[in-house]
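Here's a quick walk through one protein model, taking in a strand, a ring pair and a couple of pockets. Have the sequence and the structure open as you read.

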Amino acid sequence: MAQQRVKLRAIEGGAGRAPAKKPTKSKSKTLASVEAATRTVRLEVEGLAALDEALQNGLGKPFSQAVKLLAAARGRVIVSGIGKSGHVGQKVAATFASTGTPSFFVHPSEASHGDLGMITPDDVILAISWSGETVELKNIITYSRRFSVPLIAITSRKTSALGGQSDVCLELPRAKEACPHGLAPTTSTTMQLAMGDCLAVALLEAKGFTAHDFKVFHPGGSLGASLKYVGDLMHSGEKLPLARSDEPMAAALVTMTAKAFGCLGIVNGKGKMVGIVTDGDLRRHMGASLVDAVTRDVMTKNPKTVEPGMLASAALELMNSKRITALFVVEKGRPVGIVHVHDMLRAGVV
């Protein structure tokens, strides 16, 4: 009987196979965490997809009206909201301000205790509330109606107190929160934030806000560095490595070595750039006759050049694509500077 039981266990478990290992406790927790993360992303993506579809249908018209109202404002955009909507509102206000639209956040509770004085009839109020029934927004809504301050609502209920009183209501589609209990604002705040970004970008384009304008509001950090111009970083004047097109290479080599940029700009009798001599050109013409030649015999014609007004980030991209380390800066064909890849890196341009 004992032998039969052993055989039965071997048949049930598979002869010659070890029993399957159960996942460890830590591994199970890791798998559960990843599953929660992917579910959250999936639900928030579904919310954004619903917002995209709404914008292409009924939400498109009030959205356009909201952009026109914001663009026509002579004052500032006053953003307000409380709780998670308030945090979203602070980010939206910051995005408006950094893209050329004066804006700031007013906390609805503080507004009831004096901060309503910050709001003028020239301003536009953008109030954010998922339910549209936020009690704390009541005084801002009343103030906007009393003093005819335009009011734009971002809410999920057009018939709510906020939606019903607004001049333009941006009604967001209802979507399932990523929170398994359906309580913590997750998908809803992602949609609110996306709507704020949509308004900011549409307004940016309507105003013709350019990359050059960005520099005024973003002088610091990596973004500020990428918005520097070539003219901000170039070497000019006596530092320029230049030689005439009929100059002997013996003298040109002295200039090229002294300036230490690894290249030499060649100009004609009118001072316009006609070529460049690089280390590669020297290697290609290496020989006893090199010092007896003149620069036009060695130079590469029509070199890549940039203008002072080009963004440094664009110039760096050109350097990388052409595998070169320096670019001459020209205005009306005349060299006015030179910029090296090391200048870009030191400035933090990426």
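## Strand 4 and its neighbours

In this predicted model, strand 4 pairs in the parallel sense with strand 5 (residues 168-171), over four bridges. Across that pairing, Ala153 sits opposite Cys169 in strand 5. Strand 3 (residues 124-128) also pairs with strand 4, again in the parallel sense and over four bridges; here Ile125 has Leu151 of strand 4 as its bridge partner. To get from strand 3 to strand 4, the chain passes through helix 6 (residues 138-146), and this β-α-β crossover is right-handed.

Now for the side chains: which residues point which way from strand 4? Leu151, Ala153 and Thr155 go one way, Ile152 and Ile154 go the other, and all are buried. That makes five of the five residues of strand 4 (residues 151-155) buried, so the strand is largely enclosed by the rest of the structure.

## The aromatic pair

Search the whole structure for aromatic pairs and you get one.

Are the two partners buried or exposed? Tyr143 has 17% relative accessibility, so it counts as buried. Phe147, at 35% relative accessibility, counts as partly exposed.

## The largest pocket

The largest pocket holds about 420 Å³ of space. It is lined by 18 residues, and the closest to its centre are Ile276, Thr278, Ile324, Thr325 and Ala326. Strand 8 (273-278), helix 13 (279-284) and strand 11 (326-331) each put at least two residues into the lining.

Which element gives the largest share of that lining? That would be helix 13, with four residues. Sorted by class, the lining of the largest pocket comes to eight nonpolar, six polar and four charged residues.

## The second largest pocket

Next up is the second largest pocket, with about 190 Å³ of space. Its lining has 14 residues, and Ile82, Ser85, Trp130, Ser131 and Pro185 are the closest to the centre. Two or more lining residues come from each of helix 4 (84-98) and helix 8 (187-207), with helix 8 giving the largest share, three residues.

By class, the lining of the second largest pocket has four nonpolar, eight polar and two charged residues.

How values were computed. Residues numbered from 1 in each chain as written. Predicted model: local features only at pLDDT ≥ 70, side-chain atom pairs only at ≥ 80, totals over all residues. Heavy atoms only, no water. Buried < 20%, exposed > 50% of the residue type's maximum accessible area, 1.4 Å probe, protein only. Pairing = 2+ DSSP bridges. Right-handed = clockwise from strand over helix to strand, strands pointing away. Phe/Tyr/Trp six-rings, centres within 6.5 Å; stacked < 30°, edge-to-face > 60°. 1 Å grid on protein atoms, 1.4 Å probe; cavity = no way out; pocket = protein on both sides within 12 Å on 5 of 7 lines; lining within 4 Å. Points joined across faces, edges and corners; volume = space filled by probe spheres on them. Nonpolar A, V, L, I, M, F, W, Y, C, P; charged D, E, K, R; others polar.
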